[in-house]
Amino acid sequence: MRPKNAATVMIIRRDGPKPRVLMGRRHGGHSFMPDRWVFPGGRIDRADYHAPYANDLRADVAAVFDAYLKPGRGRALALAAIRETWEEAGLLLARPGPARPSAGPWRSFVEQGALPDLEALDVVARAITPPMVGKRFDTWFLVADAERLMSLERQPDCGELEEIAWVDFDEAQALPLPSVTRMMIKESVERMKDPARPKPFLRFRAGGMRPAHL
């Protein structure tokens with residue numbers, strides 16, 4: 001099965017004694033990773049290729065995407081991560097913008113008077129689900145600072161995740177996590193120590209994981 005393009009974003013708060021990351025618990029009725037704690041994110045949508053935005057990806061981030069993807073797909077993946085953060089967690093990684101009529105999956109976002117803040121994002125890693133898994137994703141893991149959110153408060157009656165929480169990295173490791181999420185939390189800790197460290201690219205070939213770097 002061909003992996004579906006997806007993106008997820010780790011949003012980090014630094015306003016306390018320890019850095020904290022935004023995580024959400026998936027509904028127990030989901031067929032894919034029920035009751036697991038995850039970062040907000042999901043599959044790319046056709047509308048993500050045409051969504052408006054307040055600012056563009058940084059040149060270094062765009063260069064990472066462009067080295068592996070068709071033109072425009074990196075930006076669409078980044079927009080997908082921002083859209084899914086709104087849909088799943090009720091939080092806007094955005095800049096104020098004129099409210100405008102819209103249709104499709106971006107409608108509720110732009111009606112908030114917000115435009116996606118692409119400049120806030122950086123690439124952490126990429127991981128492709130192994131072939132033996134029923135649902136396969138080619139997922140880009142992104143990171144952003146919580147200061148780029150329009151508000152730290154979840155919009156009322158908004159968000160698909162059962163609950164969200166800001167947890168430090170030790171607390172996060174104690175939650176029921178997908179294995180790749182646990183790996184990305186460890187990677188984030190290492191990147192805080194060394195922001196220049198290579199970005200992992202995790203994929204399975206010839207029956208085993210073949211880690212590389214972007």
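Student: Which residue forms a salt bridge with Lys18?
Tutor: Asp170, with the closest N and O atoms 3.9 Å apart. A salt bridge is a side-chain nitrogen of Lys or Arg within 4 Å of a carboxyl oxygen of Asp or Glu.

Student: Where do Asp170 and Lys18 lie?
Tutor: Asp170 lies in helix α4 (residues 169-173), and Lys18 in the loop between β1 (4-13) and β2 (20-25), so the pair ties together parts 152 residues apart in sequence. Helices (H or I, at least four residues) and strands (E, at least two) are DSSP runs, numbered from the N terminus.

Student: What should I know about the source?
Tutor: This is a predicted model: local features need pLDDT of at least 70, side-chain atom pairs count only at pLDDT 80 or more, and totals for chains, interfaces and linings use all residues. Residues are numbered from 1 along each chain as its sequence is written, and side-chain values use heavy atoms, with hydrogens and water left out.

Student: Back to Asp170: buried or exposed?
Tutor: Exposed, at 58% relative accessibility. Lys18 is partly exposed at 45%. Buried means under 20% relative accessible area, exposed over 50%, partly exposed in between (1.4 Å probe, protein chains only).

Student: New topic. What does Arg83 meet in a salt bridge?
Tutor: Asp48, at 2.8 Å, N to O. Arg83 is buried at 4%, and Asp48 is buried at 0%.

Student: Which residues are linked with Asp48 and Arg83 in a network?
Tutor: Glu84 and Glu87; salt bridges link them with Asp48 and Arg83.

Student: How many salt bridges does the structure hold?
Tutor: 18.
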